[in-house]
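Here is a briefing on one chain, grouped by topic. Please look over the sequence and the model, then read on.

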Amino acid sequence: MNVRWLEAVLPLGIIAGFLCVMGNAQYFIHKAAHGRPKHIGNDVWDVAMERRDKKMMEMLASPSSSSS
């Protein structure tokens, strides 16, 4: 009976399961804290564009005194 590989499958399955659980926990914690999923590969350009977009949205939302 050559089922020695089965002895390794159970611990590997447990490890893989816990890795999946921890990854999902990080995802949901970040989403709960920031209100959106984490942007993977965020570099300096992406941060600058997020700041620009946030500033533009604030400018559009604020009442402008020059339009009256």
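## Briefing: charges, helices and surface

Asp53 is partly exposed, because its relative accessible area is 35%. The cut-offs are under 20% relative accessible area for buried and over 50% for exposed, with partly exposed in between (1.4 Å probe, protein chains only). This is a predicted model: local features need pLDDT of at least 70, side-chain atom pairs count only at pLDDT 80 or more, and totals for chains, interfaces and linings use all residues. Residues are numbered from 1 along each chain as its sequence is written, and side-chain values use heavy atoms, with hydrogens and water left out.

**Salt bridges**

- The whole structure holds two salt bridges. The term means a side-chain nitrogen of Lys or Arg within 4 Å of a carboxyl oxygen of Asp or Glu.
- Side chains of opposite charge can pair when their charged atoms come close.
- Asp53 pairs with Arg52, and their closest N and O atoms are 2.7 Å apart. Arg52 is partly exposed at 42% relative accessible area.
- Arg36 pairs with Glu50, and here the closest N and O atoms are 3.6 Å apart. Arg36 sits in the loop between α1 and α2 (44-61), while Glu50 sits in helix α2, so this bridge ties together parts that are 14 residues apart in sequence.
- Arg36 is partly exposed, with a relative accessible area of 48%. Glu50 is partly exposed too, at 29%.

**Overall form**

- The chain contains two helices and zero strands. Helices (H or I, at least four residues) and strands (E, at least two) are DSSP runs, numbered from the N terminus.
- The radius of gyration is 23 Å, well over the 11 Å that the globule rule gives for 68 residues, so the chain is more spread out than a compact globule. That radius is taken over C-alpha atoms, and the rule is 2.2 Å times the number of residues to the power 0.38.
- Along the principal axes, the C-alpha atoms fill a box of roughly 85 × 25 × 10 Å.
- Buried residues account for 0% of the 68 residues.
- Accessible areas come from the Shrake-Rupley method with a 1.4 Å probe; for residues, only the protein chains shown count as cover.

**Annotated span**

- The unreviewed UniProt entry places a "transmembrane region" at residues 12-29. UniProt positions use the numbering given here, feature names are shortened, and annotations may be inferred rather than shown by experiment.
- In the model, residues 12-29 are 100% helix and 0% strand, and the end C-alpha atoms lie 26 Å apart.

**Aromatic pair**

- The whole structure has one aromatic pair. The ring centres of Tyr27 and Phe28 are 5.0 Å apart and their planes stand at 80°, so the pair is edge-to-face.
- Rings of Phe, Tyr and Trp (its six-membered ring) pair if their centres lie within 6.5 Å; planes under 30 degrees apart are stacked, over 60 edge-to-face, and the rest tilted.
- Tyr27 is partly exposed at 34% relative accessibility. Phe28 is exposed, with a relative accessible area of 51%.

**Nonpolar patch**

- Val3, Trp5, Leu6 and Val9 form a nonpolar surface patch with about 400 Å² of accessible area together.
- Patches take residues with over 30% relative accessible area and no salt bridge; like charges are joined within 9 Å, and nonpolar side chains (Val, Leu, Ile, Met, Phe, Trp, Tyr) within 5 Å.
- Val3 lies in the segment before α1 (4-34). Val3 is partly exposed, at 45% relative accessible area.

**Distances along the chain**

- Asp43 is in the loop between α1 and α2. Asp43 is partly exposed at 40%.
- Asp43 and Leu6 are 37 residues apart along the chain, and their C-alpha atoms are separated by 43 Å.
- Ala61 belongs to helix α2. Ala61 is exposed, with 65% relative accessibility.
- Ala61 and His39 are 22 residues apart along the chain, with 25 Å between their C-alpha atoms.
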